[in-house]
Protein chains: 2
Amino acid sequence: MNTKFKTYWEDFKVGNRESIGSVVVDRDEVIEFATRYDPQPFHVDEEAAKQSIYGGLIASGWHTCSMLMRLMCDAYMLESASLGSPGLENVRWLRPVRPGDTLTAYRTIEETRLSGSRPDRGIVKTLWEVENQKGELVLTMSGVNFFLKRQAG
Amino acid sequence: MNTKFKTYWEDFKVGNRESIGSVVVDRDEVIEFATRYDPQPFHVDEEAAKQSIYGGLIASGWHTCSMLMRLMCDAYMLESASLGSPGLENVRWLRPVRPGDTLTAYRTIEETRLSGSRPDRGIVKTLWEVENQKGELVLTMSGVNFFLKRQAG
């Protein structure tokens, strides 16, 4: 039986929606991330953002996804037997994310199954939902991850 | 007729796959990005990565997506009447991305249509494919973007 990690495939149970934590969106980080990876005016230029359809600076959608990833890591991924992810479905940036917003992420396990080809691992499908401080959904997506099994073989 | 930007909705034509540019994956940046947003061992720790199923350091999938976003920006997005994106489908991290890899991104316009509710804009659906220097696909996804029309109304 594997004991190196806290969380293995067997620990994911289909069901309840639970919080994995919160993050406050930092203005400087919004600009820094977007300057590097997504320098559209409404992500990097306060004045241009005011004139845009968004009415002010908003975070790059990739930055919001990356903040969610960090919450996942801190909540359980770093202490898990994670083997990475093959992909995502239904990524939806539903509302603008603005500096100063508090984002809270929720995890719902949608499906768990054994790998068909590798007996040492299983697959977990998860619905991710991120809300702002008003309780409005700003990001949803479904992700797939591979995890080693605690009971190998 | 709008003339502020180089590219409006009318300029996207369904069809050909074309390159939007290349980027070399920088080792320090792989570690820096992942330390902030995705600190799993195989993204941040050279020794742990060697012991993992990946056999060495690999970029966070979010970092690869962000590098693709920057290529989009430089190729045309920054000079376009882009209004942002509501989301993505079918994100697939197909192969590991490693420091030193040269990634080349390809764009195929899959669909263009007018907005049903807003006569000043249209919708563009795009298939994104990212290959490494061996011609292997490492990332594919379909994205949706809104763009203003050149001919308003």
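## A walk through the strands and the two copies

Start by selecting residues 17-24 and 102-114 of chain A: these are strands S1 and S3, which run antiparallel and are joined by 7 bridges. Strands here are DSSP runs of E with at least two residues, numbered from the N terminus, and two of them pair if DSSP finds at least two bridges between them. Before going on, note that this is a predicted model, where local features need pLDDT of at least 70, side-chain atom pairs count only at pLDDT 80 or more, and totals for chains, interfaces and linings use all residues. Residues are numbered from 1 along each chain as its sequence is written, while chains are lettered from A and ligands numbered from 1 in the order in which they are written.

Now click A:Arg17; its bridge partner in S3(A) is A:Thr108.

A hairpin of 6 residues links S3(A) to S4(A). Pick A:Arg107 and you'll find A:Trp128 of S4(A) opposite.

A:Trp128 turns up again when you select A:Leu68, which also touches A:Ala105, A:Val130 and A:Leu139, leaving out residues up to four places away in sequence. Contact here means C-beta atoms, placed from the backbone, within 7 Å.

Finally, show both chains. Chain B can be laid on chain A by a turn of 180° and a shift of 0.0 Å along the axis, with an RMSD of 0.0 Å, superposing by least squares on C-alpha atoms of residues with pLDDT of at least 70 in both. The two copies are therefore related as by a two-fold rotation axis. In chain B, look for B:Glu89: its C-alpha is the nearest to the axis, 2.6 Å away.

Key. Helix = DSSP H or I, 4+ residues; strand = E, 2+ residues; numbered from the N terminus. Contact = placed C-beta atoms within 7 Å.
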